[in-house]
Amino acid sequence: MIAPQKNAILTTILDMDVTILPYPTVPQLASKDVAYATQNPALRPFYQYSPTLDAFKQTIEDKSGSAINREILVAALRTQYQGLNIHSNVNLNIELLASPNTFAIVTAHQPSLFTGPLFYWYKIFTAINLAEELRMTYPDYSFVPVLVNGAEDHDFDEINHANLFGKTLRWEHDAVGGSCGDMSTATLAQVLEQLKEVLGESENGSFIYQQIESAYTGHELYADATIDLVNRLFGKYGLVALNMNIPAFKRLFIPIMREELFQQSSQALISVAQEALTAAGFSGQAHARDINLFYLQPNRRDRIVRDGDFFSVLNTDLRFTPAEMEAELEAHPEKFSPNVVLRPLFQELILPNLAYVGGGGEIAYWLERKSQFAHFGINFPVLIRRNSLLWIDKATSGRMEKLGLRVQDLFIDTEFLIKQYVALNSEGELSLQSEMAQLKTLFEQVRIKALSVDPTLEKAVLAEAVKQEKVLEQLEGRLVRAEKQKHETGINQIRSLKEKLFPGNGLQERTDNFLNFYMKYGEGFGEALKEVIDPFVEGFVVVRD
């Protein structure tokens, strides 16, 4: 099926009004996220390179000395992409990775249903655009955007749903507990049927459904289906997607996994970093365990723990002596799965990576890893915060104008925003602050007189003052409520607008799925993201139709 012609609306979307809000003005962002995004000096000891274009010159020199097994990497990618309709840009980038002058720009995410929340797209396009900018800046090298598909993760509840047009579509699957990527795609039939109904029969809806349905039904395992879907959505931009649960990759990771099992180095390193972050005014992010590895079995992914003289796999009867564990690691490294503490090391060992693109939460746990990377002799990448975006369609933009709301007003607490709106649109003065000041002055005069006559009367005067202040506060509240009734329509519109742009009082990018926008803009949605996203932007991006 041929993709629809890029909508005539694409010309309009590329001419949208773009506002950049400084990160500190966005209350929905965590303090550590803002601190890194604004390069707070207190965080500087926790990362190796500044997130600037100039920093990549040194990063390239440092990474050039890393022993990356490109032959195994490229062979794995060729195998993984067999049978897919590979875009020439992807094929070229896979082959380029064999060259020592080629480097990766990596982002990673779990294989979320229908790509999950919008930020999945934002981090991908941040990586794509960063790779392009580096090509122009350092023409002697090649740069390949790579998405690491976190298919080994076993948290099914995090990846099994997508939010479309205010409705949650959910993948129901009974056999949960193992790696999500190993789940059968046969159980996707019901949620695909729901998706088809939601998307309808429009040109854009029919096309994108066919792409998703073909990817999800064309493979037995969900990990492979996700790679196929990513290839269909982003292949023309040269994005290379990679499943990491490959025996040859795990074999390269054996030395680090062995040390983790028998010396348990990571926990102490991470704990020291977290203590230093706490001393600098920031909390820790990821909990490091004694052993940060899982053991993989069909439909299971369970923690490995040290149990006296043995190693045990939690929730199973499996026990290993140290010699047996050593033998198991050597014979079957693919059965060992790194958790969030070891995953960055695994990723950077396999890929010739210069930069990791992630959100604020991801950056937070990478900030705990610098000493761990140094311990294992792996180069620490540049940490690039992915773009954050808020999309405002034409209808919503029109309502904003009628309500007199600015872009920055949208990020204010809803009730406070309504109070501001009522105050600005009221014919009379609603605040009784001046009257309150007069009342306090009056009772202060009475208190002084009472002291001169009978000091025991002071308490009675003060008590009466508090009582009358409360009366004024109640009257002010009644004034505001009465005025709100006059503006009920506008207030309801504000609530509706805020819920649409900030679902559940959270950021749009953390909830809504790309299909909410693809249905209107078609292939133009990706083109618009490519145009708008800047890997070095210094603020929260708001796009208005």
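## Ground rules

Residues are counted from 1 along each chain as its sequence is written. Since the model is predicted, local features need pLDDT of at least 70 and side-chain atom pairs count only at pLDDT 80 or more, while totals for chains, interfaces and linings use all residues; side-chain values use heavy atoms, with hydrogens and water left out.

## Cavities

Two cavities of 30 Å³ or more turn up in the structure. A cavity here is a set of points on a 1 Å grid over the protein atoms alone where a 1.4 Å probe fits but cannot get out. Points are joined across faces, edges and corners, and the volume is the space filled by probe spheres set on them.

The largest cavity comes in at about 60 Å³. Its lining (residues with an atom within 4 Å of a point) is made of Trp121, Phe125, Leu233, Lys236, Tyr237, Tyr518, Glu523 and Gly526. That splits into five nonpolar, one polar and two charged residues, where Ala, Val, Leu, Ile, Met, Phe, Trp, Tyr, Cys and Pro count as nonpolar, Asp, Glu, Lys and Arg as charged, and the others, Gly among them, as polar.

## Aromatic pairs

Across the whole structure there are 28 aromatic pairs. Rings of Phe, Tyr and Trp (its six-membered ring) pair if their centres lie within 6.5 Å; planes under 30 degrees apart are stacked, over 60 edge-to-face, and the rest tilted. Take Phe114 and Tyr216: their ring centres are 5.8 Å apart with the planes at 20 degrees, so this pair is stacked. Phe114 sits in the loop between strand E2 (102-109) and helix H6 (119-137) and Tyr216 in helix H9 (residues 203-217), so the contact ties together parts 102 residues apart in sequence. Helices (H or I, at least four residues) and strands (E, at least two) are DSSP runs, numbered from the N terminus. Both Phe114 and Tyr216 are buried, meaning under 20% relative accessible area (1.4 Å probe, protein chains only), with exposed being over 50% and partly exposed in between.

There's also a cluster: Trp121, Phe125, Phe234, Tyr237, Trp391, Phe514, Phe517, Tyr518, Tyr521 and Phe525 form one aromatic group.

## Charges over rings

Arg306 has its charged end over the ring of Phe311, 4.4 Å from the centre. Lys498 does likewise with Phe502, at 4.6 Å. The test is NZ of Lys or CZ of Arg within 6 Å of the ring centre and within 35 degrees of the ring normal.

## An exposed glycine

Gly308 lies in the loop between strand E8 (300-307) and strand E9 (310-313). With 55% relative accessibility, Gly308 counts as exposed.

Key: On a 1 Å grid over the protein atoms alone, a cavity is a set of points where a 1.4 Å probe fits but cannot get out, and a pocket is an open set with protein on both sides within 12 Å along at least five of seven lines; lining residues have an atom within 4 Å of a point.
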